[in-house]
Amino acid sequence: MTTREAENASPQDRMQQSMDRAGLSARVDVADDQSTLRLVLLGGSRLPFLHFSSADEATTWLENAGIGATADTDEDDNVVLHLPAGTVTAVRELLTADYLRAEDAADALQHALHQAGITLATVTVETPDALFVEIADSDNLKTGVNLGVLLGADDIAQDIKLHRPKGMQKLAHRLQLVLTGAVGRGVFPYTPNPAASTVTTAC
């Protein structure tokens, strides 16, 4: 979501806000000459190159994107992108746009679920193309059942013993089918422990 404050913010502030919102750990500084931004990348799996401590990979990424900026490392071995004014917007979009879209979708989905009474559901971003929906419930998986009913599967819990692990797995499988039909994309169940049922769905 773009706010008026963000629109009126400095390039440094807009970059920092976008990085924070996209879940990318970074610090944005203005270089001494005031004409270049220093984007210090502090790690994380959401960067477009594998080794966030490799300036060479960052340089290759910038070159492949056609961006006239440079990269090196600081005294702590963090990659630092040196961004002339004309490159800041392009780098911000390339680094954050997909994750910002996914984070907005996760917020909207969680809000919709909570509005519908599915209050024990947590939605987080797995990748730019997938959301991770965790449904935590200890009362015979009532939240998961209610989600299925909300999506039109009134008999989703029929003949399932929800207090047993196999029953939870069956419910997760049925939710997978219902959610796949609802979103029109692949949905994959995941059950890490007896107190939670999770699904991953494509954006």
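## The chain as a whole

The secondary structure of the protein chain comes to 6 helices and 8 strands, and the model in which they are seen is a predicted one. Read along the sequence, these elements follow the pattern α-α-β-β-α-β-β-α-β-β-α-α-β-β.

The protein chain has 203 residues, of which 39% count as buried. Among the contacts between residues at least 6 apart in sequence, 44% join residues that are at least 24 apart.

Strands of a sheet pair through backbone hydrogen bonds, and they may do so in a parallel or an antiparallel way. In this model, an open sheet of 4 strands is arranged in the order β1-β2-β4-β3, and its pairing is antiparallel. The edges are taken by β1 (residues 26-30) and β3 (residues 70-73), each of which has a single partner strand, so one side of each is left without a neighbour in the sheet. On average, and with direction ignored, neighbouring strands of this sheet are turned by 25° against each other.

The pairing of β3 with β4 (residues 79-84) can be followed residue by residue: the two strands run in the antiparallel sense and are joined over 4 bridges, and T70 stands opposite H82 in β4.

## Two helices across the sheet

Helix α2, which covers residues 11-21, lies across β1, β2 (residues 36-41) and β4, and its direction is at about 175° to that of β1. Helix α4, which covers residues 88-115, lies across β2 and β4 and runs at about 135° to β4.

How are α2 and α4 oriented to each other, and at what angle do they pack? Their axes are 8 Å apart and the packing angle is about 40°; the range called roughly parallel ends under 35 degrees, and the two helices are therefore oblique to each other. The crossing of α2 past α4 is left-handed. On the side of α2 the contact is made by P11, R14, M15, S18, M19 and R21, while α4 contributes V88, V91, R92, L95, T96, L100, E103, D104 and D107.

T96 is found in helix α4, and it counts as buried because its relative accessibility is 1%, where the cut-off for buried is under 20%. When residues up to four places away in sequence are not counted, T96 touches S18, M19, A22 and L24.

Strand β5 (residues 121-127) and strand β6 (residues 130-136) run antiparallel and are joined by 6 bridges. A hairpin leads from β5 to β6 through 2 residues, and within the pair V125 stands opposite L131 in β6.

## Helix α6 and its buried residues

Helix α6 is made of 19 residues, 165-183, and reaches 26 Å from its first C-alpha to its last, which is close to the 27 Å expected at 1.5 Å a residue. Which residues of α6 are buried? They are G167, M168, L171, A172, L175, Q176 and L179.

## Two loop residues with positive phi

Q34 is found in the loop between β1 and β2, and it has a positive phi of about 65° although it is not a glycine. Is Q34 buried or exposed? Its relative accessibility is 62%, so Q34 counts as exposed, the cut-off for exposed being over 50%. From C-alpha to C-alpha, Q34 and P84 are 9.6 Å apart in space, although 50 residues separate them in sequence.

A second case is D159, a residue other than glycine whose phi is also positive, near 65°. D159 lies in the loop between α5 (residues 142-150) and α6, and it is exposed, with a relative accessible area of 69%.

Technical notes
Residues are numbered from 1 along each chain as its sequence is written. This is a predicted model: local features need pLDDT of at least 70, side-chain atom pairs count only at pLDDT 80 or more; totals for chains, interfaces and linings use all residues. Side-chain values use heavy atoms; hydrogens and water are left out. The expected span of a helix is 1.5 Å times one less than its number of residues. Buried means under 20% relative accessible area, exposed over 50%, partly exposed in between (1.4 Å probe, protein chains only). Two strands pair if DSSP finds at least two bridges between them. Axes are lines fitted to C-alpha atoms, for helices over the stretch in contact, and angles run from 0 to 180 degrees between N-to-C directions. Contact means heavy atoms within 4.5 Å. Angles under 35 degrees count as roughly parallel, over 145 as roughly antiparallel, 65 to 115 as roughly perpendicular and the rest as oblique. A crossing is left-handed if the near helix is turned anticlockwise from the far one by less than a right angle, and right-handed if clockwise.
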